[in-house]
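Dear colleague,

Please find below the structure that I am handing over to you. My notes on it follow directly after.

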Amino acid sequence: ENSLQKTSTCSSVNPSGVFVSPYALNLSSFTKLIKRLQERHPEFSRDEIVAAVREVRKINKGVLSGLAISSIEEKTSAIL
């Protein structure tokens with residue numbers, strides 16, 4: 001028995017008729033990650049933190065998907 005549910009990445013239109021990109025969901029995770037990093041490293045600006053996250057992405061072959069948020073946070077902290 002396969003109890004895993006497949007997730008859809010297709011775009012949709014929300015009830016108000018506004019187009020919703022399949023990538024919009026990732027934005028909230030990114031925002032949470034940046035907020036957590038800002039709390040952890042108040043001595044760095046948001047731009048510096050975003051640059052460090054981009055460096056993590058670059059090191060990880062250009063993607064962050066597949067990495068746990070906690071792992072991204074740790075790797076970014078090491079760069080900062």
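Which residues in α2 are buried? They are Ile49, Val50, Ala52, Val53 and Val56, where buried means under 20% relative accessible area, exposed over 50% and partly exposed in between, with a 1.4 Å probe and protein chains only. Because these residues cover an arc of only 160° around the axis, they lie on the same side of α2; the arc is that of the directions from the helix axis to the C-beta atoms. Asp47, Arg54 and Lys58, on the other side of α2, are exposed.

Please note that this is a predicted model, in which local features need pLDDT of at least 70 and side-chain atom pairs count only at pLDDT 80 or more, while totals for chains, interfaces and linings use all residues. Residues are numbered from 1 along each chain as its sequence is written, and side-chain values use heavy atoms, with hydrogens and water left out.

As to the overall arrangement, the protein chain contains three helices and two strands, in the order β-β-α-α-α along the sequence. Helices (H or I, at least four residues) and strands (E, at least two) are DSSP runs, numbered from the N terminus. Of the 80 residues in the protein chain, 16% count as buried.

Helix α2 itself spans residues 46-59. Its 14 residues reach 20 Å from the first C-alpha to the last, close to the 20 Å expected at 1.5 Å a residue; the expected span is 1.5 Å times one less than the number of residues. Just after α2, Lys61 adopts a positive phi of about 60°.

The largest nonpolar core has seven residues, namely Leu33, Ile34, Leu37, Ile49, Val50, Val53 and Ile72. Such a core is a set of buried Ala, Val, Leu, Ile, Met, Phe, Trp, Tyr and Cys residues joined through side-chain atoms within 4.5 Å. The elements giving two or more residues to this core are α1 (24-40) and α2. Leaving aside neighbours within four places in sequence, Ile34 is in contact (heavy atoms within 4.5 Å) with Arg46, Ile49, Val50 and Val53.

Finally, I would draw your attention to Thr76 in helix α3 (residues 69-79). Thr76 counts as buried because its relative accessibility is 0%. Its side chain reaches the backbone oxygen of Ile72 at 2.7 Å. Not counting residues up to four places away in sequence, Thr76 touches Leu37, Ile49, Ala52, Val53 and Val56.

Yours sincerely

Notes:
Polar contact = N/O pair within 3.5 Å; in protein donor to acceptor, adjacent residues only side chain to side chain.
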